[in-house]
Amino acid sequence: MTDTVAYTIPGMHVREHLVDVPLDWSDPARGTIQLFARDLTAPARKGEDLPCLVYLQGGPGGKGPRPLDRSGWLGRALETYRVILVDQRGTGRSTRIDGRRMSAFATAREGADFLACFRADSIVADHEHLRKSLYGGGRWSLLGQSYGGFLTLTYLSRAPEGLSACYVAGGLPGIDPSAAEVYRRTYPRVEAKNEVFYRRYPQHLAHVARIADRLSEGEVRLPDGDVLTVRRLQSLGIDFGMKPGHERLHWLLDEAFNGGELSSAFLYDVMARTSYSDNPLFAALQESIYGHGAGASAWAAEVERPRHPQFAEDARPLQFTGEMIYPWMFREIAQLRPFQGAVEELAAREKWPLLYDPDRLAANEVPVAAAVYYDDMYVDAGLQLDTAARVGNVQTWVTNEYAHDGIGDARVFARLMELVQDAGGGITGA
């Protein structure tokens, strides 16, 4: 079944599609889910047969952008392409997974088997179905932001014949994925981001300590009833990898107290930023995206943390953590509690489908241009450059001008397009 709706918003003509796809591409008898996609064109070109560019957003658990205007990479892309924005399965309007859905499973094993259908291999299969069924089956290009780069390498491993060119921003994964190695490298980078924060805003050295001491003295509840713990406070550091992340935390802390107590505005904002209400799959699948062949992820961020005692809850200055997901989150955060049993099962899972094909990647002929952010907090630059050296036809642009959200600047996508064009352009034809 395919449903299509079309309309125009200022600067963009929009078509929306709702398509049935198998829950499990390896076993279609398990039933179907719905996949939602929208494509955008410049209004004056809506009737033209334009080449397609698929935007693969960050994640896991990321829904497609809901654009308000043609700023950033989108405006540049609309000059040339029909831009396709897909809500990755389980997000947005694509049979969204939330706590209510997870609560319906009779056992943790059933929930884990369900969640295992929402990884990169399934996402790539979804996109191939869209390419063939809705967009004529011709080659299209990818723009992979962050986790979208992980998806890009899976796509190149499984269906390179569908691709014309690939643009990656801060998202080349390790070809031999290991959650343990990722977090071994991540903690020092997060510590460096903390140093920048406290150097820029030294008043928060005492301010944050005061908040943590208050949380340690007695129970403080968030508006949804969750207890605000020191470790949940620390998780606000996940934003440090974005260019305005230090400033967003600064202004949050600026109004933390109302007299001698934590302000209601502060508690509401902390709840909103740490509840995962909009993207629970991000937490639920964070370490499972590294599942590849044999070996369990085994709560890699939690295992690595004691090796960095500066991140202890009683350490001062208090260090904020980054893109780490810990088992306690699924006990203490209301929106994540229904996922707990399934996620514990996933963390212990010893065997995973392969995501990357090293031989096929080494022989790759699809042009790939990748922006590697030298100081990227989320995706290690060293691992990205190692991958680039092992994948054929990759050009890298290494820069420290941007943070992980550099794709918001139109110059980043424009530069990636230049790299592909200067090397001869993308592959054309079927």
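Glu 16 forms a salt bridge with Arg 93, with the closest N and O atoms 3.3 Å apart. A salt bridge here is a side-chain nitrogen of Lys or Arg within 4 Å of a carboxyl oxygen of Asp or Glu. Glu 16 lies in strand S2 (residues 12-22), while Arg 93 sits in the loop between strand S5 (82-87) and helix H2 (99-103), so the pair ties together parts that are 77 residues apart in sequence. Helices (H or I, at least four residues) and strands (E, at least two) are DSSP runs, numbered from the N terminus. Glu 16 counts as buried, because its relative accessibility is 9%. Arg 93 is partly exposed, because its relative accessible area is 43%. Buried means under 20% relative accessible area, exposed means over 50%, and partly exposed lies in between (1.4 Å probe, protein chains only).

The model is predicted: local features need pLDDT of at least 70, side-chain atom pairs count only at pLDDT 80 or more, and totals for chains, interfaces and linings use all residues. Residues are numbered from 1 along each chain as its sequence is written, and side-chain values use heavy atoms, with hydrogens and water left out.

A search of the whole structure finds 34 salt bridges. One of them joins the side chains of Arg 89 and Asp 126, at 2.7 Å from N to O. This pair links distant parts of the chain. Arg 89 is in the loop between S5 and H2, and Asp 126 is in helix H4 (residues 120-133), 37 residues apart. Both Arg 89 and Asp 126 are buried. Arg 248 forms a salt bridge with Asp 239, and the closest N and O atoms are again given as 2.7 Å apart. Arg 248 counts as partly exposed, because its relative accessibility is 36%. Asp 239 is buried, with a relative accessible area of 18%. Elsewhere, salt bridges that share partners join Glu 181, Arg 184, Arg 185, Arg 189 and Asp 380 into one network.

The protein chain has 17 helices and 13 strands. Its radius of gyration is 22 Å, close to the 22 Å that the globule rule gives for 430 residues, so the chain is as compact as a globular protein of that length. The radius is taken over C-alpha atoms, and the rule is 2.2 Å times the number of residues to the power 0.38. Along its principal axes, the C-alpha trace spans about 65 × 50 × 45 Å. Of the 430 residues, 57% count as buried. The chain exposes about 17200 Å², and carbon and sulfur atoms supply 50% of this area. Accessible areas come from the Shrake-Rupley method with a 1.4 Å probe; for residues, only the protein chains shown count as cover. Among contacts (heavy atoms within 4.5 Å) between residues at least 6 apart in sequence, 77% join residues at least 24 apart.

Helix H5 (residues 147-158) has 12 residues, which should span 16 Å at 1.5 Å a residue. The end C-alpha atoms of H5 are 17 Å apart, which agrees. The expected span is 1.5 Å times one less than the number of residues. H5 is mostly covered, with 11 of its 12 residues buried. Among the buried residues of H5 are Tyr 147, Phe 150, Leu 153 and Tyr 155.

On the surface, Tyr 374, Leu 385 and Val 398 form a nonpolar patch with about 290 Å² of accessible area together. Patches are made of residues with over 30% relative accessible area and no salt bridge; like charges are joined within 9 Å, and nonpolar side chains (Val, Leu, Ile, Met, Phe, Trp, Tyr) within 5 Å. Val 398 is in strand S13 (residues 394-399). Val 398 is partly exposed, with a relative accessible area of 41%.

The backbone has two cis peptide bonds to report. The bond from Gly 59 to Pro 60 is cis, with omega near 5°. Pro 60 is in the loop between strand S4 (52-56) and helix H1 (73-78). A cis peptide bond also joins Arg 316 and Pro 317, with omega about 0°. Pro 317 lies in the loop between helix H12 (300-304) and helix H13 (329-332).

Ala 298 is found in the loop between strand S10 (293-294) and H12. Asn 393 is in the loop between helix H16 (381-390) and S13.
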